[in-house]
Amino acid sequence: MPVQMQLSRIIISEINDQQVIYLREVEGDRTFPILIGIFEATSIDRRVKQHAGQLEQSPRPLTHDLLVNIVEQMGGELQDVVISELRNHTYFARLRIRRE
């Protein structure tokens, strides 16, 4: 049974190879830490700050920006992300796109 989560916290450390994002249950108290790389963490942090109006866009689109732009240009929007598998310390997920 899927559990709806939202981004709760991003921890970026320049001295560690692994960064941490925390997801928090929408209707509960549980948290779920995910270890990610520095580039992924800074990219997510940049996107969150852009939505809050605290940061300008990067001079060139990053990989996730390209994906978002393609989905939007095709008339879709990201509905949700479903983490479906953990294999060899890597999470795999399905992006569900909503489109008329």
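Helices (H or I, at least four residues) and strands (E, at least two) are taken as DSSP runs and numbered from the N terminus. The structure is a predicted model, in which local features require pLDDT of at least 70 and side-chain atom pairs pLDDT 80 or more, whereas totals for chains, interfaces and linings use all residues. Residues are numbered from 1 along each chain as its sequence is written, and side-chain values rest on heavy atoms, with hydrogens and water left out.

The protein contains two helices and five strands, arranged from the N terminus as β-β-β-α-α-β-β. Its C-alpha atoms fill a box of roughly 35 × 35 × 30 Å along the principal axes.

Three of the strands form an open antiparallel sheet in the order β1-β2-β3, where strands pair if DSSP finds at least two bridges between them. β1 and β3 are the edge strands, each pairing on one side only. Neighbouring strands of this sheet are turned by 25° against each other on average, direction ignored; axes are lines fitted to C-alpha atoms, for helices over the stretch in contact, and angles run from 0 to 180 degrees between N-to-C directions. The antiparallel strands β1 and β2 are joined by six bridges, and Q6 stands opposite R24 in β2. Helix α1 packs on the sheet and touches β1, β2 and β3 (contact: heavy atoms within 4.5 Å). The direction of α1 makes about 115° with that of β1.

The largest pocket has a volume of about 2200 Å³. On a 1 Å grid over the protein atoms alone, a pocket is an open set of points where a 1.4 Å probe fits, with protein on both sides within 12 Å along at least five of seven lines; lining residues have an atom within 4 Å of a point. Grid points are joined across faces, edges and corners, and the volume is the space filled by probe spheres set on the points. Of the 46 lining residues, L23, I44, L78, V81 and L95 are the closest to the centre of the pocket. At least two lining residues each come from β1 (5-11), β2 (19-25), β3 (31-36), α1 (38-51), α2 (63-73), β4 (76-87) and β5 (90-99), and α1 supplies the largest share, eight residues. The lining comprises 27 nonpolar, 11 polar and eight charged residues.

One aromatic pair is found in the whole structure, with pairing assigned to rings of Phe, Tyr and Trp (its six-membered ring) whose centres lie within 6.5 Å. F32 and Y91 form this pair, at 5.7 Å centre to centre and 75° between the planes; the geometry is edge-to-face (planes over 60 degrees apart). Because F32 lies in strand β3 and Y91 in strand β5, the pair ties together parts that are 59 residues apart in sequence.

How values were computed. Ala, Val, Leu, Ile, Met, Phe, Trp, Tyr, Cys and Pro count as nonpolar, Asp, Glu, Lys and Arg as charged, and the others, Gly among them, as polar. Rings of Phe, Tyr and Trp (its six-membered ring) pair if their centres lie within 6.5 Å; planes under 30 degrees apart count as stacked, over 60 as edge-to-face and the rest as tilted.
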